[in-house]
Amino acid sequence: MTSGLRGVEGIQVLCECDLSNGLPAFEVVGLPDASVKEARDRVRAAVKNCGFDFPLRRITVNLAPADLKKEGPIYDLPILLGILAASGQIPPTEADSCFIGELSLDGSLRPAAGVLPMALAALQSGARRMFVPAENAAEAAVAEGLIAIPVRHIKELVAHLRGEISLAPAAPYRYQGEPSKGPDFADVMGQESVKRALEVAAAGSHHVLLIGPPGAGKSMMAKRLPSILPDMAYEEALETTKVFSVAGLLEPGKPMVNQRPFRSPHHTVSAAGLSGGGRTPRPGEISLAHNGVLFLDELPEFRRDALEALRQPLEDGTVSISRVSGSCSYPSRFMLVCAMNPCKCGYYGHPSGRCVCSEQAVRRYRQKISGPLLDRIDIHVEVPSVGYEELRDRRPAESSEQIRRRVNRARQIQAERYAGRGIFCNAQLTPAMMAEFCTLDSEGEALLAAAFRSLGLTARSYDRALKTARTIADLEGAQVIRAEHVAEAVQFRALDKEPLF
């Protein structure tokens with residue numbers, strides 16, 4: 001038994017080997033790609049270089065199921081073991097054992113990408129032991145209930161299968177979340193309203209747009225956002241680790257992602273770079289930011305097609321990629337944080353009067369951001385310039401740790417409220433759940449109704465404002481959403497009060 005990948009999910013693959021009479025040949029069937037077909041040369045060299053006999057017969061290797069495309073060099077090890085077992089050099093492998101690994105020509109095993117989802121698929125298929133390259137053993141051990149056995153060379157694996165030695169399994173992995181490390185909010189002078197907006201966003205995983213002149217601190221505060229993000233639940237960490245594993249981005253010595261990811265692509269990124277793709281589909285930035293933050297600085301400078309590619313993932317939490325070779329889906333439930341200037345020169349509305357842009361130029365610059373995309377962003381915040389008195393104020397600002405404690409308390413409330421429902425925060429509420437959990441008092445109901453009519457809110461922006469109000473109430477520990485919570489949530493819809501168009 002072996003495993004493969006389809007998107008970020010593992011699939012069970014059965015490797016069968018047959019030796020028959022005829023002219024010597026070596027065929028691999030079962031919809032293999034070029035890298036799987038090249039396994040013939042790697043396996044032949046490894047078998048000979050390790051002192052085993054390579055059978056001079058007609059060899060047929062079948063990777064079942066035959067209708068699923070097999071990609072990558074991870075099938076080298078099961079193909080080699082199949083040949084050795086078929087030629088009687090090792091006993092048949094046990095049905096509850098799984099093997100994956102890329103071979104070097106000398107018989108050593110190279111680390112592979114995507115081991116965690118493959119280990120989870122093997123466990124679900126009934127495997128109890130998984131033989132993996134030594135560098136991947138800790139990652140495979142994350143799958144609870146699966147014995148991960150590290151293998152460095154096929155000689156030691158063959159000796160183990162023959163009963164000559166016993167390979168020691170990797171230690172089971174125990175998850176422990178860690179707070180993100182980085183710059184602290186204590187460095188930020190002033191901007192209390194913006195820090196409050198980011199606290200609300202972190203507590204409910206809401207999308208944020210920061211609008212202000214150059215030097216106001218938009219990027220500075222956005223880069224400090226990871227320091228106040230809540231701890232990752234085990235289920236969230238498992239989902240994120242699967243994406244990083246498939247992308248081959250897991251750090252050495254860290255088999256599991258235990259800090260929320262923070263991705264900040266440059267504005268020259270393509271639509272495929274953001275959403276994922278390629279000839280062989282791979283996760284993009286929005287999937288690598290799953291359960292974390294995607295920061296887009298200088299938002300209007302991004303390509304229009306790249307920004308519009310965000311619309312469907314922002315709504316659905318997944319991105320579907322279709323190519324000639326097949327289609328797959330990647331998770332993309334992330335917190336979008338954007339920063340932009342109010343105009344091309346950056347000083348529109350600035351007290352200094354330095355703006356040189358015409359009204360038409362301002363409108364043209366702002367119209368680079370589409371209305372449907374803005375409607376999907378929960379919180380719009382104006383970031384004013386910092387005054388001299390605030391810069392010279394030596395009183396210590398509130399630290400990230402103090403803010404993070406409040407955020408963690410709010411997230412704990414949400415975790416208990418939504419236990420067993422498959423969501424982790426207020427931003428993920430469905431319409432049915434909103435009707436159940438977003439209860440307004442009479443004053444809050446009246447205020448929200450007045451805001452809906454006066455601001456001309458869409459149904460989507462109404463939902464966004466209500467979810468934000470639910471988060472503000474959670475930060476206060478309130479069960480019912482009150483008028484002051486609604487008022488603050490509506491205040492965060494700055495572009496509904498003063499549209500960009």
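Reader: Which residues lie nearest the centre of the second largest pocket, and how many residues line that pocket?

Author: The second largest pocket has 23 lining residues, and nearest its centre lie Leu 314, Glu 315, Ala 427, Gln 428 and Lys 467. A pocket is an open set of points on a 1 Å grid over the protein atoms alone, where a 1.4 Å probe fits and protein lies on both sides within 12 Å along at least five of seven lines; a lining residue has an atom within 4 Å of a point. The model is predicted, so local features need pLDDT of at least 70 and side-chain atom pairs pLDDT 80 or more, while totals for chains, interfaces and linings use all residues. Residues are numbered from 1 along each chain as its sequence is written, and side-chain values use heavy atoms, without hydrogens and water.

Reader: Which helices supply at least two residues of this lining, and how does the lining divide?

Author: Helix H13 (311-316), helix H18 (431-437) and helix H20 (459-476) each do so; helices (H or I, at least four residues) and strands (E, at least two) are DSSP runs, numbered from the N terminus. The lining comprises 9 nonpolar, 7 polar and 7 charged residues. Here Asp, Glu, Lys and Arg count as charged, Ala, Val, Leu, Ile, Met, Phe, Trp, Tyr, Cys and Pro as nonpolar, and the others, Gly among them, as polar.

Reader: What volume does the largest pocket have, and which residues are closest to its centre?

Author: Its volume is about 570 Å³, a volume being the space filled by probe spheres set on grid points joined across faces, edges and corners. Of its 27 lining residues, Leu 5, Arg 6, Glu 71, Thr 280 and Arg 282 are closest to the centre. Strand E1 (2-6) and strand E16 (326-331) are the elements that give two or more residues to this lining. The largest share, 4 residues, comes from E16.

Reader: Why is the contact between Lys 242 and Glu 9 called a salt bridge?

Author: A salt bridge requires a side-chain nitrogen of Lys or Arg within 4 Å of a carboxyl oxygen of Asp or Glu. The closest N and O atoms of Lys 242 and Glu 9 are 3.1 Å apart, so the pair meets the rule. This pair links distant parts of the chain, with Lys 242 in helix H9 (residues 234-247) and Glu 9 in strand E2 (residues 9-20), 233 residues apart.

Reader: Are Lys 242 and Glu 9 buried, partly exposed or exposed, and what makes them so?

Author: Buried means under 20% relative accessible area, exposed means over 50%, and partly exposed lies in between (1.4 Å probe, protein chains only). Lys 242 has 14% and is therefore buried, whereas Glu 9 has 43% and is therefore partly exposed.

Reader: How many salt bridges are there in the whole structure, and which residues are linked in a network?

Author: The whole structure contains 31 salt bridges. Glu 315, Asp 375, Arg 376, Asp 378, Arg 460 and Arg 464 are linked in a network of them. Another salt bridge joins Glu 484 and Arg 482, whose closest N and O atoms are 2.7 Å apart. Glu 484, at 42%, counts as partly exposed, and Arg 482, at 31%, is also partly exposed.

Reader: How many aromatic pairs are counted, and why is the pair of Phe 26 and Phe 54 called tilted?

Author: The count is 6 aromatic pairs. Rings of Phe, Tyr and Trp (its six-membered ring) pair if their centres lie within 6.5 Å; planes under 30 degrees apart are stacked, over 60 edge-to-face, and the rest tilted. The centres of Phe 26 and Phe 54 are 6.0 Å apart and their planes stand at 45°, so the pair is tilted. Phe 26 lies in strand E3 (residues 25-29) and Phe 54 in the loop between helix H2 (39-49) and strand E4 (58-64). Phe 26 and Phe 54 are both buried.

Reader: What makes the pair of Phe 452 and Tyr 462 edge-to-face?

Author: Their ring centres are 6.0 Å apart and their planes stand at 90°, so the pair is edge-to-face. Phe 452 lies in helix H19 (residues 442-455) and Tyr 462 in helix H20, so the pair ties together parts 10 residues apart in sequence. Phe 452, at 34%, is partly exposed, and Tyr 462, at 26%, counts as partly exposed.

Reader: Where is Leu 31 found, and what is its phi?

Author: Leu 31 is in the loop between E3 and helix H1 (34-37). Its phi is positive, about 60°, although Leu 31 is not a glycine.
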